[in-house]
Amino acid sequence: MLRAFVSIAAAFVLSVRAADPAWPFDLTTISAPDGSITAKFVSFGATMTELWVKDRYGKARDVILGYDDNSRLLTDPDHPVFNPIVGRYANRIKNGKCPVLLNAHGLVDLSTLRFEGTFSIPITKDPQPAGPGVYQIPTNDHDALSGADTLHGGIFGWDRRNWTIVSRSPTSVTYKHLDAADEGFPGNVTAYATHTVSNGGTLKTSVYATATEKTPIMLTQHIYWNLDAFQNGTNDILSHHLQIDSSKVVAVDSNAIPTGQFISAPGTPFDFRKEQTIGARWNDTVNLCGDGCQGYDSCWIYDQNESSRVGTSLWSDKSGIRVDISTNQPAVQVYTSFWLNTPRKAVHGGPNETYSKWSAVAIEQEGYIDAINTPEWGVDQIYGPGKDFTWSSTYKFSTVP
């Protein structure tokens with residue numbers, strides 16, 4: 001079903017491009033005046049496609065994954081979600097439902113099958129599909145037998161929508177998106193995403209959103225990092241150093257859906273309060289990111305939620321590049337890319353080489369995952385008139401000896 005939606009959307013975008021050959025894959029380049037950082041973006045998903053920073057030797061490296069042909073952000077059926085703004089609700093929404101209707105012969109009418117994620121306003125633990133204030137949105141992750149869920153906003157979330165440029169300068173670009181009740185969410189949401197670079201190797205992304213009626217909003221910027229940029233024979237991120245200001249992780253089931261509980265990180269493979277290489281306890285990560293999956297795909301809750309405080313740090317001894325990330329969000333999802341299988345950009349040795357498992361780490365600043373179905377947390381992710389949404393993250397680059 002996803003491939004059918006991709007084909008429809010691709011046809012729509014091609015018709016748009018017939019009138020404007022660039023948009024929504026138009027390229028905007030911004031650079032800091034001191035030459036310390038250069039970033040490139042396209043309007044499709046307000047997506048960052050390249051990020052050039054200098055290694056310890058003063059050589060610029062593109063440290064994020066992506067495509068040489070940016071139209072593949074739409075058409076790649078694997079949909080790895082390379083560096084866009086993700087919404088209206090990032091990560092997973094549980095309670096996948098499948099209303100079943102029978103045909104005249106008493107058999108299941110396959111044409112009626114429609115899997116939907118479910119939530120309610122006000123939020124409840126397990127809302128019934130026909131209950132008051134209940135909303136159902138398309139699922140696009142897992143299946144009915146294992147428990148379908150909605151991932152990153154639905155079939156076509158904000159990362160697969162055409163944003164428009166409202167302003168830009170040599171160091172900044174701002175995009176706008178109107179989510180007109182897309183994917184079955186209530187109300188219209190208008191969002192502005194601003195990307196800015198500044199001297200000293202700093203990238204800041206901020207998003208401001210308003211809604212016409214009460215609706216859940218939870219965003220992220222889904223960046224895949226490889227600070228070695230696949231140079232000098234480096235192909236994975238297991239030797240990257242990671243530090244996370246967090247002592248607890250959201251406990252999830254086999255489909256990465258929160259159980260409502262938390263895992264205490266100290267003494268476990270989740271403990272990155274003190275720096276560890278990502279692969280330091282690699283043998284202990286088997287099945288942590290799903291059955292048969294080795295690595296990480298979990299949500300850490302920050303011990304201190306202050307936008308001026310560094311929450312996550314990542315660096316490589318090989319390139320010497322370090323990034324310190326601060327955010328106004330309470331949590332961070334870290335995914336070590338077990339399921340990747342995508343041809344690399346030419347600058348990363350592509351297309352004959354591929355981005356494969358563990359070749360990058362996605363670090364996503366966000367809220368508590370699926371809090372809209374976990375009322376016991378007491379986390380309010382419902383926005384609307386009189387209550388606007390803000391998201392911001394700052395990425396400060398430096399080098400280590």
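Trainee: How do you know that E18 and strand E19 are joined, and in which sense do they run?
Mentor: This is a predicted model, so every value here is computed from predicted positions. E18 and strand E19 (residues 258-264) are joined by four bridges and run antiparallel. Pairing needs at least two bridges, so the two strands count as paired.

Trainee: What lies between the strands in the hairpin of E18 and E19?
Mentor: Five residues lie between them, and in this hairpin Ala 256 takes a positive phi near 65 degrees.

Trainee: What makes E10 and E11 a pair, and how many bridges do they have?
Mentor: Strand E10 (residues 164-169) and strand E11 (residues 172-180) have five bridges in the antiparallel sense. The cut-off is at least two bridges, so E10 and E11 pair. Ile 165 has Tyr 175 in E11 as its bridge partner, and a hairpin of two residues joins E10 to E11.

Trainee: Which bridges join E11 to strand E12?
Mentor: There are nine, and E11 and strand E12 (residues 188-198) run antiparallel. Ala 180 is opposite Asn 188 in E12.

Trainee: In what order do the nine strands of the open sheet come?
Mentor: The order is E10-E11-E12-E13-E29-E23-E22-E17-E20, with antiparallel pairing.

Trainee: Why are E10 and strand E20 called edge strands?
Mentor: E10 and strand E20 (276-277) each pair on one side only. Elsewhere in that order, strand E13 (residues 202-211) is joined to strand E29 (residues 389-399) by eight bridges, and these two run antiparallel. There, Lys 204 has Thr 394 in E29 as its bridge partner.

Trainee: How many helices and strands does the chain have?
Mentor: The chain has two helices and 29 strands.

Trainee: What share of the residues of the chain counts as buried?
Mentor: Of the 401 residues, 55% count as buried. The cut-off for that word is under 20% relative accessible area.

Trainee: Why is Pro 122 called exposed?
Mentor: Its relative accessibility is 67%, and exposed means over 50%, so Pro 122 counts as exposed. Pro 122 sits in the loop between strand E7 (116-120) and strand E8 (134-138).

Trainee: How far apart are Pro 122 and Ile 372, in sequence and in space?
Mentor: Pro 122 and Ile 372 are 250 residues apart in sequence, and 8.8 Å apart in space from C-alpha to C-alpha.

Trainee: What share of the contacts in the chain joins residues at least 24 apart?
Mentor: Among contacts between residues at least 6 apart in sequence, the share is 66%.

Trainee: How do you know where empty space is left?
Mentor: A probe the size of a water molecule is rolled over the atoms, and that shows where empty space is left. In this model, the count comes to three cavities of 30 Å³ or more.

Trainee: What lines the largest cavity?
Mentor: It is lined by 13 residues, and Leu 73, His 79, Val 81, Phe 82 and Asp 159 lie nearest its centre. The largest cavity holds about 80 Å³ of space. By class, its lining has seven nonpolar, two polar and four charged residues.

Trainee: Which strands supply at least two residues each of the lining of the second largest cavity?
Mentor: They are strand E18 (246-252) and strand E21 (297-302). The largest share, three residues, comes from E21. The second largest cavity has about 50 Å³ of space, and residues lining it include Arg 92, Val 250 and Ala 256. Its lining divides into five nonpolar, three polar and two charged residues.

Trainee: What volume does the largest pocket have?
Mentor: The volume is about 1,100 Å³. Of the 43 residues that line this pocket, Arg 92, Asp 141, Leu 151, Tyr 335 and Trp 339 are the closest to its centre. The lining has 18 nonpolar, 16 polar and nine charged residues.

Trainee: Which element gives the largest share of the lining of the largest pocket?
Mentor: The largest share, three residues, comes from E18.

Terms used
Residues are numbered from 1 along each chain as its sequence is written. This is a predicted model: local features need pLDDT of at least 70, side-chain atom pairs count only at pLDDT 80 or more; totals for chains, interfaces and linings use all residues. Side-chain values use heavy atoms; hydrogens and water are left out. On a 1 Å grid over the protein atoms alone, a cavity is a set of points where a 1.4 Å probe fits but cannot get out, and a pocket is an open set with protein on both sides within 12 Å along at least five of seven lines; lining residues have an atom within 4 Å of a point. Grid points are joined across faces, edges and corners, and a volume is the space filled by probe spheres set on the points. Ala, Val, Leu, Ile, Met, Phe, Trp, Tyr, Cys and Pro count as nonpolar, Asp, Glu, Lys and Arg as charged, and the others, Gly among them, as polar. Buried means under 20% relative accessible area, exposed over 50%, partly exposed in between (1.4 Å probe, protein chains only). Contact means heavy atoms within 4.5 Å.
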